[in-house]
Amino acid sequence: MREKNFKDYHLSEEITRALTVLKYNHPTEVQKEVIPKALEKFDMIVKSQTGSGKTASFAIPICEMMEWEEKKPQTLVLTPTRELAVQVREDITNIGRFKRIKAMAVYGKEPFSKQKEELKQKTHVVVGTPGRTMDHIERGTLELDKIKFLIIDEADEMLNMGFIDEVEAIIKELPKDRVTMVFSATLPKDVDNLCHQYMKNPIPIEIAADGVTTNTIEHAVIEVKEDDKISLLKDVTVVENPDSCIIFCRTKENVESVYAELENDNYTCERLHGGLDQEDRFAVMDGFKAGNFRYLVATDVAARGIDIDYVSLIINYDVPMEKEGYVHRTGRTGRAGNQGKAITFATPYEGKFLKAIERYIGFEIPAMDVPKQEVVTSGKAAFEEKISGRRVVRNNKTARINKDITKLHFSGGKKKKLRAVDFVGTISNIPGVTADDIGIITIQDNLTYVDILNGKGSIVIQAMENTTVKGKKLKVSQALK
Ligand code: AMP
């Protein structure tokens, strides 16, 4: 049978172009199931693992179905963590880039007022964590009357984190006439109940767990005493010499001590756990994605949903206590068809957790020997060389899609009574530039950002030196971010 192609879904030119730039050539299993049904507006309960392409499975049809002219949000995506909210927002923005889909994320710990201002602008998709989303609803800063699509991502984790009541409260506020899609790796009873209470004949979709994720990961376990773990870690990293590696620990104390040890040994490394500021957490994630360092030491906060293009090695410094945690942690590698390796350190005490994990994943994790000293010694030179060089990021999707886009900063906004049409009118009058070259416009009180597409940023900057917007002379420069 011919391999399915995105063309089969008759997507618009703008979405198709984005998929080409992102190098999404063929739909993954979950996308084959979800995209056609979503386009026909069916409710769905989708059981699938992260790493299977599930974000794009809803992001593609959602971007396709958004009405660009509508100012108020048409889609609400709920996610359990802030990191995931930011990730989903980025995926939707990439896929919707050429259609100029505006997606924003709302989550705690970021100033409410900043999000409130952003929500006043045209926004097609809001991605939020339940607490902050409810806050916006209660304070009237998130309007729901145009919401036509609700996506609940990682519903099982919402339950684990105690968000299920908030999710239910949000659902009750939404228009009844909407499409609801629920994504979950597992379907605990409470999630299932919630689905049946608030969804219309949802279609159950189950994607076998051994899809893209597990087939491409080589699993191994090394038995070790607690006190020997740190020296084992150093030996394993020398022998494996990964391009990039996440080391998972159970507690933030362990993260801190492992991080301190590696840092002391000149590993290029960073750490991530719930005790750090949100801003620091994002900075670390961005730095890892950009290839600024090779080793990330993290608790499970980093394990869920986060899409880092290529992690070659996962080390479970501690065995995860929850069997699902193992799947989520190891799912950070071997993504989208890449090969990956997952090595778990287990003390005899941790053996019982390991047994539960093996029952859950359905196979025994092969035992691996402690690396021999001569192998460690002979690997040292190659290891030192790699650690001193920068990691080359092979596939930065966001960078690729933004390649031809320049964000311009105009020194005037709402207080000068400027509106989006004024910018579109002025810019599309510049010779060689059309309305199709103008992307998302964000107008604040005293400034405006305009995305210029198709590599035409410099033409616009130059022309604006002698051009006014609605009779007003504005300073125009390339925005910093
Ligand atoms: P997710 O399960 O949403 O976390 O996605 C896993 C990874 O697969 C992400 O890096 C996506 O960008 C990538 N991906 C999603 N769909 C496709 C596709 N059709 N072809 C290639 N890569 C994809």
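Domain bounds here come from an automatic or database domain assignment. On that basis the chain has domain 1 (6–207), domain 2 (211–395) and domain 3 (404–478). The C-alpha centres of domain 2 and domain 3 lie 45 Å apart.

Some housekeeping. This is a predicted model, with local features needing pLDDT of at least 70 and side-chain atom pairs counting only at pLDDT 80 or more, while totals for chains, interfaces and linings use all residues. Residues are numbered from 1 along each chain as its sequence is written, and side-chain values use heavy atoms, leaving out hydrogens and water.

Now the sheet. Helices (H or I, at least four residues) and strands (E, at least two) are DSSP runs, numbered from the N terminus; two strands pair if DSSP finds at least two bridges between them. Seven strands form an open sheet with parallel pairing, in the order β3-β4-β2-β5-β6-β1-β7. β3 (103–106) and β7 (203–206) are at the edges with a single partner strand each, so one side of each has no neighbour in the sheet. Strand β1 (residues 44–47) runs parallel to β7 and is joined to it by four bridges. Ile-45 stands opposite Pro-204 in β7.

Next, a helix pair. Axes are lines fitted to C-alpha atoms, for helices over the stretch in contact (heavy atoms within 4.5 Å), and angles run from 0 to 180 degrees between N-to-C directions. Helix α2 (residues 29–39) packs with helix α3 (residues 54–65) at about 25°, their axes 9 Å apart. That makes α2 roughly parallel to α3, the term for angles under 35 degrees. Residues in contact include Val-34 and Ile-35 of α2, and Ile-60 and Pro-61 of α3.

How values were computed: Parallel < 35°, antiparallel > 145°, perpendicular 65-115°, else oblique.
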